[in-house]
Amino acid sequence: QVQLVESGGGLVQPGGSLRLSCAAAGSISSVNAMGWFRQAPGKQRELVATIIRGGRIDYADSVKGRFTISEDNDKNTVYLQMNSLKPEDTAVYYCNLDLWFNGSLRPYWGQGTQVTVSS
């Protein structure tokens, strides 16, 4: 069983910053990737940033230069530092962990944390 516990969401003014954290617990092995997705009302869930084993980091074009993803492997935790936030960043942010299981990728999701950017 794998659990992802997110924290750090909230209300912030445009131009402000927030830091999200996601701690993974349980039977964690054969990690393929860990990162963040988001879903705004009426829109599909989209990739924000992810760290892929081997060192590659992917960002959505809309957050490049503003968001930074990082990880602490000893704590099985991934962080998302969000700077220069815009109203269009408002969404529920979900932590994602992809594990290899019997030759297939199995995704795990956190419960989601609300980020609201508004004046």
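A disulfide is taken here as a pair of cysteine sulfur atoms within 2.5 Å. The structure is a predicted model, in which local features need pLDDT of at least 70 and side-chain atom pairs count only at pLDDT 80 or more, while totals for chains, interfaces and linings use all residues. Residues are numbered from 1 along each chain as its sequence is written, and side-chain values use heavy atoms, with hydrogens and water left out.

One disulfide was found in a search of the whole structure. It joins C22 to C95, with the sulfur atoms 2.0 Å apart. C22 lies in strand β3 and C95 in strand β9, 73 residues apart, so that distant parts of the chain are linked (strands are DSSP runs of E, at least two residues, numbered from the N terminus). The angle about the S-S bond is -85°, and the link is left-handed. C22 counts as buried because its relative accessibility is 0% (buried means under 20% relative accessible area, with a 1.4 Å probe and protein chains only). C95 is likewise buried, at 0%.

The largest nonpolar core has 29 residues, and L4, W36, L80, M82 and Y93 have the most contacts inside it. Such a core is a set of buried Ala, Val, Leu, Ile, Met, Phe, Trp, Tyr and Cys residues joined through side-chain atoms within 4.5 Å. Strands that each supply at least two residues of this core include β1 (2-7), β3 (18-26), β4 (31-39) and β9 (91-101). The largest share, five residues, comes from β9.

How values were computed: Buried < 20%, exposed > 50% of the residue type's maximum accessible area, 1.4 Å probe, protein only. Helix = DSSP H or I, 4+ residues; strand = E, 2+ residues; numbered from the N terminus.
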